[in-house]
Amino acid sequence: MYSLLINSELGALMLFVIFSFIAAGKASKLIYNPSEKQLYRKTRKLIFWSVSLSLLAAVMAAADTMLAATSHPLFWMDRLLVRTPLALLPVLLIWFYSFPRLRKLLQRTGGRSENAPDVARLRQASDPAFIVPFQLAALCSVALFYFAFVPPIPFHWTAITMPATLLLFVACLLWMLQSRRNQLSAEAALVYRPWRRRLTHTGMLLAILAVSSIPFLTAMESSRLPKTLSMMSGKADYGIAGHASLGHTLEDHPPHTAMDQASKEVGAAPSVPVTELTGQRTGIPDRKFTLTAEQTTVTLRSGKQVEAWTYNGQIPGPELRMREGELVEVTLINKDIEDGATLHWHGLDVPNAEDGVAGATQNAVMPGETFTYRFIAEQTGTFWYHSHQNSKTAVEKGLFGALIVDPQEAVTMDVEDITVITHNWRGAGMSIGSEQAVQRKAIAPGTTVKLRLINTDDWVRQNYILTGVPFKVTAIDGTDLTGPTELQNQSLDLLTGGRYDVTFTMPDHPVFLRVGKGNSLGILMSKDGSGDIPERPAVTTFDPTHYGTAAADAPFNRNSKFDREFMMILDNRFAFYNGGFAAYDTINGEVFPNTPMFVVKEGELVKTTIINRSSVEHPMHLHGHHMLVLSRNNETVSGSLWWSDTLDVAPGESYEVAFRADNPGIWMDHCQNLSHAAAGMTMHLMYEGVASPFEVGTATPNRPE
Ligand SMILES: [Cu+2]
């Protein structure tokens, strides 16, 4: 519904731009008609353009009103308060001022006479009150176009004062020009000189372009990422302290650096550097891994070759398995990845110095260098790891793998534990692990089967459909659900970085896990591994908002008193980023490094309202914390507690999520569609009193995204 409304509004807006220019051109040229007959015909055609413009304005107003009736103010405020008036105002002026004059003109023109229009007619045909409303429609359409592609969000009147003043100024200018022509028309017959007119228009356009190119080029140049930039110097956003306040804007909180505020509040107390926020550095680790990052040509099981970046020569990297409570040590060796590499444990809430974000928690590990990570595996479940240095390219090329933490208590039953980590290799197609066809597995009936679904692919909503057996979704993003019920014919959809654990009891007939839309990728399970691949059933998409039974031990809920509340508005707009100008995916109207830095104090209960105004999905990934999903589209989440680290926010959706700020540090919060993150859709969560000695920027090797 949201997509339909915003697309109808945008479609009507684009047509409004075209139609209003045509109408304005035709109205302005009426005066040049050499005969009464032509003047009559051309005047009559303006009725068509007036009606068309009115219909388009009505479509825009209706779409905006429907949005206002059904969704959060941040979806429609700018549309209803800025765009709807800009469309309706000229149309109303046309009906109130132009139309009566148009009718009079039609009545008085003979219609059939070849005589030249007299002075009275010419004055009527160039009456500013008749012509300017059409010209104003064209002017307003330019403003509409601007506000559609540079929405004033977070909404504030200051964002529209400049364009509104300019619009008023040009409107006055148009009135003056038209009044002048009206006077001239009384003095002598005006001669239509198309070439002169075209030249004047081109000259005016070039002058406007020349004048505006200076601020444009300056803005483009100044958007270049600096040579060095501390992640602590972001635009600090302290949110709102205290009670719920949906729809608030952020301008009440002027930007400072977090350190200004931190030093104000903690006085002379020294800040803690990120480098001290480590895992347990002493003691013999219970489990040790070494991962060597290197460039390798890998041959997949299908025979297709991938020029990959690998951990230990394989794609995906080796599955790291550990047990809850173990002290884990992982040594990263970079053999020859020129861009550098790190290790980030996606979904595992490790201490900050172990989080593996180049430029925030460490420097990128360059060829020949090593880095050792140590942490205690405190959560159980399905996670994955990947390089958080130049992550878009690193993950695309293979620097990732599965990470599984088994619970402490020994598993007593026979469980067939299958990791389904899916990826699309550029030029070589989709795979599950390194398998590119349907795998066949022999599993004895009665066995408990656990499938760990992990989507590592950029920009893909991956469908996983299990057929032939009822199943339960037992965990989301590595956290177990309570009271999961049996499901059938439901597609489990994951965006980049998301995980589902699925459990079922093996029946005595074949079961098929289908990955993607076709029949060519999946796992066929049966008692001897044989069997036919079933047809793709009709499915609905699994929705976690009301799944499972409510847990009695919710640490907080929608009614809790939150210490701090933030607004995260996801959108798309034309913007300057790193020397370029294009449509970028934005957070609170900005791209990095102008995106907000949410500042929290340790111990606070923090709520964030996430709103997606754009037309694409954004899987938002917060490092170091799990967010409890409280509501979606203002509807409270019931059923099991739903903890997420990678929340898929679809267009038109709003979510309230909350977390306890119990893991001090500097934590990335970004879109896990890594191509979005690489184009600036990234921000961070900053604890007061924490300092990072690391930097990003063109003079450093660090490229976190
Ligand atoms: Cu995104």
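Which residue in β9 is the bridge partner of Leu 327? In the predicted model described here, that partner is Ile 376 of β9, and the pairing belongs to a set of seven bridges that join β7 (residues 327–334) to strand β9 (residues 370–376) in an antiparallel arrangement. Strand β7 also pairs with strand β4 (residues 287–299), here in the parallel sense and again over seven bridges, with Arg 287 standing opposite Val 328 of β7.

Strand β6 (residues 317–323) runs parallel to β11 and is joined to it by five bridges, whereas strand β10 (residues 381–386) pairs with β11 in the antiparallel sense over six bridges. Val 405 takes part in both pairings, as the bridge partner in β11 of Met 322 and as the bridge partner in β11 of Gly 381.

The protein chain as a whole contains ten helices and 37 strands, and its C-alpha trace spans about 100 × 70 × 50 Å along the principal axes. Of the 705 residues in the chain, 47% are buried. Among contacts between residues at least 6 apart in sequence, 78% join residues that are at least 24 apart. The domain assignment divides the chain into domain 1 (2–190), domain 2 (193–222), domain 3 (229–270 + 553–696), domain 4 (273–410) and domain 5 (413–542).

The centres of domain 3 and domain 5, taken over C-alpha atoms, are separated by 32 Å, and the contact between these domains takes 16 residues from domain 3 and 14 residues from domain 5. On the side of domain 3 that touches domain 5, at least two residues each are supplied by β28 (618–622), β31 (643–644), β32 (646–649) and α10 (674–678). By class, this side of domain 3 comprises five nonpolar, eight polar and three charged residues.

In soluble globular proteins, nonpolar side chains tend to be buried together. The largest nonpolar core of the model has 182 residues, and those with the most contacts inside it are Leu 53 and Ala 137. Helix α5 (residues 128–149) gives the most to this core, contributing twelve residues. When neighbours within four places in sequence are left aside, Ala 137 is in contact with Ser 20, Ala 23, Ala 24, Leu 53, Pro 90, Val 91 and Ile 94.

Helix α1 (residues 2–28) has 27 residues, which at 1.5 Å a residue should span 39 Å, and the separation of 38 Å between its end C-alpha atoms agrees with that expectation. The buried residues of α1 are Leu 5, Ile 6, Glu 9, Ala 12, Leu 13, Phe 16, Phe 19, Ser 20, Ala 23, Ala 24, Ala 27 and Ser 28, and the elements that cover them include α2 (36–70), α3 (73–108) and α5. Helix α6 (residues 158–187), with 30 residues, reaches 45 Å from its first C-alpha to its last, close to the 44 Å expected at 1.5 Å a residue. In α6 the buried residues are Leu 174, Gln 178, Asn 182 and Ser 185, and these pack against α4 (119–125) and α5.

Lys 392, in helix α9 (residues 391–397), is partly exposed, with 17 other C-beta atoms within 10 Å. Not counting residues up to four places away in sequence, Lys 392 touches Asp 458, Leu 674, Ser 675, Ala 677, Ala 678 and Glu 705. One of these, Ala 678, is 286 residues from Lys 392 in sequence, yet the two are 6.6 Å apart in space, C-alpha to C-alpha.

Definitions and conventions: Residues are numbered from 1 along each chain as its sequence is written. This is a predicted model: local features need pLDDT of at least 70, side-chain atom pairs count only at pLDDT 80 or more; totals for chains, interfaces and linings use all residues. Domain bounds come from an automatic or database domain assignment. Two residues are in contact if their C-beta atoms, placed from the backbone, lie within 7 Å. Helices (H or I, at least four residues) and strands (E, at least two) are DSSP runs, numbered from the N terminus. Ala, Val, Leu, Ile, Met, Phe, Trp, Tyr, Cys and Pro count as nonpolar, Asp, Glu, Lys and Arg as charged, and the others, Gly among them, as polar. A nonpolar core is a set of buried Ala, Val, Leu, Ile, Met, Phe, Trp, Tyr and Cys residues joined through C-beta atoms within 7 Å. A residue is buried if 20 or more other C-beta atoms lie within 10 Å of its own, exposed if 12 or fewer, and partly exposed in between; C-beta atoms are placed from the backbone. The expected span of a helix is 1.5 Å times one less than its number of residues. Two strands pair if DSSP finds at least two bridges between them.
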